[in-house]
Amino acid sequence: MLIGIDWGGTKIEGVAMERDGRELLRLREATPRHNYEGCLKAIRAMVDALEAKTARKGQVGIGIPGSLEPKSRLGKGASSTWILDKPVEADLHKALAREIRVENDADCFAASEAVDGAGAGYNVVFAVILGSGVGAGIAVNGRAHHGPNNSGGEWGHNPLPFPDTTEIPGKPCYCGRVGCIETWCSGRAFEAQYAEHKGVEMKAAEIMALKRDGDHLANLLWRRYIDRVARGLATVVNMLDPDVLVMGGGMSNVDELYEDLPPALAARTFSTVFHTPILRNRHGDASGVRGAAWLWKD
C-alpha cells in the first residue's frame, strides 16, 4: 500500500491508500509545534499505527511545510521555522528506517489534485493555497514540478503586484521581507484586516456571513481581498498560463471566490482573453496527504 504523511504546521495527518487511490485508514494529531524531534517521533508513531491497524507495510511519502535545499537537503523556506536548516530528509529516513520520498506540501497538494482531483485531465495544474499562509504547487502531467532550486510555486513570497499607496511598503513577513503576497492574501491576513478596522477578531467564515447580510465593511474588505488575489495570480497567468487553477486552503471554501475571482483576474492579465478554469479542490484538506502518498506513483 501507499502511506502519505502531511507534516503541517498545526496538524500531522496520515493516510494508508491502495495504489488505485482507495483509502484504507486516516489518522490525525496536533503538530508538536517548535519541537523538531517531537515531530519526527510523531511521524514515526503515525506510520507504525497505520501499518499496525491495516496489518500491511507501505511505501511512505511525506509532505513537509517547506522544501529541501537541493544539494544539502536541509530544510528551507518553511513557515514552520523549526525545520529550517535541519537535515529533514536524513532524519526522517533514520526515524522510519526505510526509503522515503519527501516533497513540499504544496507540491503534494498539486499532485493530488492533478492525479485524481479537480485538475485531473489537465496537463499543467497550478494549485493555489489560500490558508494560514499563501503558497502554490505546480504539477505537470500528474507529477509535481519543483525546479533545480526546489522553488517552483513559491508564489506567496513575491511582492504584491501593482500596490497602491496604502500597500507600500507592506507588512513584515516571516521570510524577512515586507509586502509579500502572503501578508495580503492569506486567510489570516483577511481576518487581520477586519480586526484592524473593527477592533474585533473574527474568523473568515464569520466575516463572509456579515458580507452576505449586507455589512459594508465586510463587503469592502472582500472586494479588496479579491483584487489582491487577482493581482497576484495575474503574474502567474502571464508567465506560466496554466491549464487550470485549483484552489485550496481555508479561503477556497468561500463560494464567492469562484464568482468574483474570474472577472477580477481577467481584468488584470496581459492577454485580452482569460479562459482558464478556476476550480475548487476535490479532496479538501485531505489533498496534501493523498499527494504525499502519490509520490510513490511510478
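Trainee: How many salt bridges does a search of the whole structure find?

Mentor: Bear in mind that this is a predicted model: local features need pLDDT of at least 70, side-chain atom pairs count only at pLDDT 80 or more, and totals for chains, interfaces and linings use all residues. Residues are numbered from 1 along each chain as its sequence is written, and side-chain values use heavy atoms, leaving out hydrogens and water. A salt bridge here is a side-chain nitrogen of Lys or Arg within 4 Å of a carboxyl oxygen of Asp or Glu. Searching the whole structure with that rule, the count is 21.

Trainee: How far apart are the closest N and O atoms of Arg 26 and Glu 23?

Mentor: Both residues are partly exposed, that is, between buried (under 20% relative accessible area) and exposed (over 50%), with a 1.4 Å probe and protein chains only. Arg 26 has a relative accessible area of 29%, and Glu 23 has 36%. They form a salt bridge, and the closest N and O atoms are apart by 2.5 Å.

Trainee: Which residue forms a salt bridge with Glu 89?

Mentor: Helices (H or I, at least four residues) and strands (E, at least two) are DSSP runs, numbered from the N terminus. The closest N and O atoms of the Glu 89 pair are 2.8 Å apart, and the partner is Arg 73. This pair links distant parts of the chain, 16 residues apart: Glu 89 sits in helix H2 (residues 88-96), and the loop between strand S5 (67-68) and strand S6 (75-76) holds Arg 73.

Trainee: Within what arc do the buried residues of H2 fall?

Mentor: The buried residues in H2 are Val 88, Asp 91, Leu 92 and Leu 96. They line one face of the helix, because seen down the axis of H2 they fall within an arc (taken from the directions from the helix axis to the C-beta atoms) of 120°.
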